[in-house]
Amino acid sequence: MLQEAKDLQQRAVAELVRKVDGRKRELTFRAPTGSGKTRMMADFMNRVLGEKNDVVFLVSTLSKGGLAEQNYDVFRDCADKGVFPDIDPWLISTEVSGEETLFIPVDHNVYVLPRDLYKKNGRLMQGAMLNFLQTLTESYFGRGMKKKIWLIKDECHQATNNLDDLSERHFEKVLNFSATPNMRRGQVPDVQITDEEAVQAKLIKRVELYDDETIPVDAAIDKFLEIRRDYNNLLQTHPCLIIQISNKDKAQEEWERRVKPAIDKHQELKWMLIVNKDKDCDTNDDVKRRLPVSRWKDYAKGKDSTIDIIIFKMVISEGWDIPRACMLYQVRDTQSKQLDEQVMGRVRRNPRLLDFDTLSAEAQELAMTAWVWGVKPEALKNTRQVKLWESRQIDIRQQVRVTTTRLGNLTEKADFDVSSVVEAKPLPPVSTGIFKLWNKLQQCPNDIQALCFNYSDDDVSRWWRFMEMADEVRKKYDTYICNYDESMEVDKTVSFPLVSSYVETDQSERIRSWVWCRKDGSGHKFAFDSEAEREWASVLMDCEDDMAVVKDSGLFEDKERCLWGKNFPTSSEIKYEYYADGIHSSYPDFIMKDKLGRIHVFEVKSVNKASGQNIDTEEYNQKIARLKECYKACSAKLKDHIFYLPILKDDWQIFRFENGEENQVSERQFRELLSR
């Protein structure tokens, strides 16, 4: 997994741990479907349990689609492999034989409760659940275990009325987890990972929307056939198109009149119809037809499955993960924005998340794209797509050539001998437990993990020695990676992507004089993430003598003048790696090519916080310091690139980096230097 993705997850979990120690009893954590919510939940519980041995977690999980069993399997796997060794999960079940009394053991610290088991007239409601809770706490005739129960509501947008009745008496904390919290119930996120953050970290895909309800199913199938070969060849994964039909009376008509006739035109495609009743399920795969429907579902999930199209009713909404699914066509009208977002989440998972950095640029672009017809949820309502001016796309990409940098790792450093570090000192007299060492390894940067596996070469004793000396390796690694003279390498030369997108904010500006136009053709208004970005765009626009002006036709008045544009992160390859407790990527905000052919790179910051974000001031200042170090080193490596860090604090404080030198200039001096 990319270091950026791991860092994003770990920062979110750390913030939740910090906030849960406050006075607030109920907190909400929001992360988009596909961003690793279940794993982050396990990480959160593991961190808390590592510090508090009097806490027990009860995880209320939807029963639909086997979500409870799925979550339990993730928790159990994380515990067994030592990734999160402090969690000890148990799946609550009501399956007992004959007249046997329902019993829930009390020697675990994480309990997964399928929500639908705790309902009126259910076996858990007949005293078993209440006895379990009373035994854990001190309210059981003074003989309780004096534990504090923290309730986690997974998919908290769904009601849990019976559990809510127990809340005040038995649950010290309530934590809501969902991709779509219910704001009307007060589930305002205290901690969240936004869709934009998850896309930028490559946790989930960006979405190409086709929200015209008149587009036929055939269009989705044609697109599927177009990308199927590339998916198999570039990603070594068979793609899947999901078609959602209505859950009630309209379903049969939609299937017979709209969906099946379109599919039948392509006899080479294999499909499955998965609905609530097994007897109504169908498939044209004769081999699978002979198996139980439950086996169909398991088979359809796998990346090597040859099922091309899966037709669903509502059962796709929660808990059935199909990372190979990349297209969604919605026939039904849910009238539920939350359900729309849940369903869309099924096709936004990154199918090559764990080894994404090994893919080619073309394969990465394919893996990070989802195609959706017929639905436009709240989270994407404000997303606007942009494209380079069509009449000048090739010209822009040829003229604006930006060179990027990356940080090499110690495994690539010819004169680094990891053995000399690992074997320099004797092992401690008492060995550290393997689970603790494994958990420690998971928290290490990807490069340290690679060093570990290269050194151990499948030898357990060598792996153990490396991990006992991991802190020494980390010191050596930090010394090397922070010395940009050694670690920074010129990577590749790229340009603006043909298509990108941004999210509408209150900070907008009308711009004609840059490389972008709105893909929908609706004017020249563009939005920015912060006031500082918008104001810097105005500064660049004001430098009229050094800017190429774009006419409505998309033609530039003077090819020898400047070309500039926002470096929208979606699909962008323009980034620079820097180190801050792990390797991160800086996507600069603006790129400009001046009339002399020099490339100007701008990363805009402000003492004011970006809109909609909670930013720790000390952490923010540290990031600025790290970026200064990075851009100074980049300017030494790339002689025809000039880097800037404009910081808005009443007036602009502009740090300029050229040929490895740092200078602070005023806005007036910047304009003068640009015009030379």
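Analyst: Two strands count as paired if DSSP finds at least two bridges between them. Helices (H or I, at least four residues) and strands (E, at least two) are DSSP runs, numbered from the N terminus. This is a predicted model, in which local features need pLDDT of at least 70 and side-chain atom pairs count only at pLDDT 80 or more, while totals for chains, interfaces and linings use all residues. Residues are numbered from 1 along each chain as its sequence is written, and side-chain values use heavy atoms, with hydrogens and water left out.

User: How many helices and strands does the protein chain have?

Analyst: The secondary structure of the protein chain comes to 23 helices and 30 strands.

User: How do I read the pairing in a sheet, and which residue of β14 is the bridge partner of L328?

Analyst: Strands of a sheet pair through backbone hydrogen bonds, either parallel or antiparallel. Here, L328 has V372 of β14 as its bridge partner.

User: In what order do the strands of the open sheet come?

Analyst: The order is β8-β14-β13-β9-β12-β10-β11, seven strands with mixed pairing. The edge strands, each pairing on one side only, are β8 and β11 (282-283). Further along that order, strand β9 (residues 240-244) runs parallel to β13 with five bridges, and I243 has Y329 as its partner in β13.

User: How many residues of β14 are buried?

Analyst: Buried means under 20% relative accessible area, exposed over 50%, and partly exposed in between (1.4 Å probe, protein chains only). Strand β14 (residues 369-373) is mostly covered, with five of its five residues buried. T369, W371 and W373 point one way from β14, while A370 and V372 point the other way. For the protein chain, buried residues make up 53% of the 676 residues.

User: Why is T405 called buried?

Analyst: T405 has a relative accessible area of 2%, so T405 is buried. T405 lies in strand β16 (residues 402-407). A contact means heavy atoms within 4.5 Å. Leaving aside neighbours within four places in sequence, T405 is in contact with M488, E489, V490, D491, K575, Y576, E577, C634 and L638.

User: How do I read two packed helices, and at what angle do α7 and α8 pack?

Analyst: Two packed helices are described by the angle between their axes and the distance between the axes. Axes are lines fitted to C-alpha atoms, for helices over the stretch in contact, and angles run from 0 to 180 degrees between N-to-C directions. For α7 and helix α8 (residues 250-264), the angle is about 35° and the axes are 9 Å apart. The contact is made by V217, D218 and I221 of α7 and R258, V259, A262 and I263 of α8. As for the sheet, helix α7 (residues 217-235) lies across β9, β12 (309-312), β13 and β14, and runs at about 175° to β13.

User: What about β28: which strands pair with β28, and in which sense, parallel or antiparallel?

Analyst: β26 pairs with β28 in the parallel sense over four bridges, and I599 stands opposite H641 in β28. Strand β27 (residues 605-606) also runs parallel to β28, with two bridges. β28 and strand β29 (residues 651-658) pair in the antiparallel sense over seven bridges, with P646 opposite I654 in β29. The hairpin of β28 and β29 has one residue between the strands, and D650 takes a positive phi near 65°. Strand β28 (residues 641-649) is mostly covered, as eight of its nine residues are buried.

User: Where in the protein chain is confidence lowest, and where is it highest?

Analyst: pLDDT is the predictor's confidence in each residue, from 0 to 100. Confidence is lowest in helix α13 (residues 378-381), at a mean of 65, and highest in strand β26 (residues 599-602), at 96. Over residues 545-559 the pLDDT is below 50, and beyond near neighbours in sequence this stretch has 46 contacts in the model. Residues 609-614 also stay under 50, and the model has seven contacts for them beyond four places in sequence. Where pLDDT is low, the predicted coordinates should not be read in detail. The mean pLDDT of the protein chain is 84, and 87% of its residues reach 70 or more.
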